[in-house]
Amino acid sequence: MRDIFKFSGRISKKNYLKYISLFLILLIIIFLLQVYIPKEIIFIFSTVIFCFVGPLTVRRMHDIGLTGHWLWITPCLGFVGYFDWIAFGSVTGSALIFLVFHAGLLFLLMKEGDRHSNDYGRPNY
């Protein structure tokens, strides 16, 4: 748990899924309680959770031999969606791009990690 904020190194698929499942449960609880919790508190909790998920996802990408820089596509797609909404009043096209990218990312994150050392270190499982 102490390495949760670390961007360097690798994390196995099993450990990644363990942490992501925990954070997903917390997000679902926050979503279910959103009627009773002020929006500011929800924003703070969601931001904290995503601060945990970022380094984990970068290390998972390292485990399959990819750089974590690929995650910068996510905010870029968000910007494209915002521009699409402002310019055209619709986000259908950018939403489709967003979904396709994240489906591909999910596929990559569920892939088996490199069994041998790679540019990001030795396997830790």
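Helices here are DSSP runs of H or I with at least four residues, and strands are E runs of at least two, numbered from the N terminus. You have a predicted model open, where local features need pLDDT of at least 70 and side-chain atom pairs count only at pLDDT 80 or more, while totals for chains, interfaces and linings use all residues. Residues are numbered from 1 along each chain as its sequence is written, and side-chain values use heavy atoms, with hydrogens and water left out.

**Stop one: arginine 10**

Select arginine 10, in the segment before H1. With a relative accessible area of 4%, arginine 10 is buried (buried is under 20% relative accessible area, exposed over 50%, partly exposed in between; 1.4 Å probe, protein chains only). Now show its polar contacts (N or O pairs within 3.5 Å; within protein, one atom must be able to donate a hydrogen and the other to accept it, and residues adjacent in sequence count only if both atoms are side-chain atoms). The side chain of arginine 10 has a polar atom 2.5 Å from the backbone oxygen of aspartate 114, and it reaches the backbone oxygen of glycine 121 at 2.8 Å.

**Stop two: the salt bridges**

Aspartate 63 is buried, at 0% relative accessibility.

Next, pick arginine 60, whose side chain meets aspartate 63 in a salt bridge at 2.5 Å, N to O. Arginine 60 is buried too, with a relative accessible area of 0%. Together, Arg10, Arg60 and Asp63 are linked in a network of salt bridges.

The structure holds 3 salt bridges, including one between glutamate 112 and lysine 13, with the closest N and O atoms 3.2 Å apart. Glutamate 112 lies in the segment after helix H4 (92-109) and lysine 13 in helix H1, so this pair ties together parts 99 residues apart in sequence. Glutamate 112 is partly exposed at 47% relative accessibility, and lysine 13 is partly exposed at 24%.

**Stop three: helix H1**

Colour H1 by burial: Tyr16, Tyr19, Phe23 and Ile30 are buried. They cover an arc of only 80° around the axis, which puts them on the same side of H1 (the arc is that of the directions from the helix axis to the C-beta atoms). Turn to the face away from the buried side for the exposed residues Lys14 and Leu32.

Technical notes. Salt bridge = Lys/Arg side-chain N within 4 Å of Asp/Glu carboxyl O.
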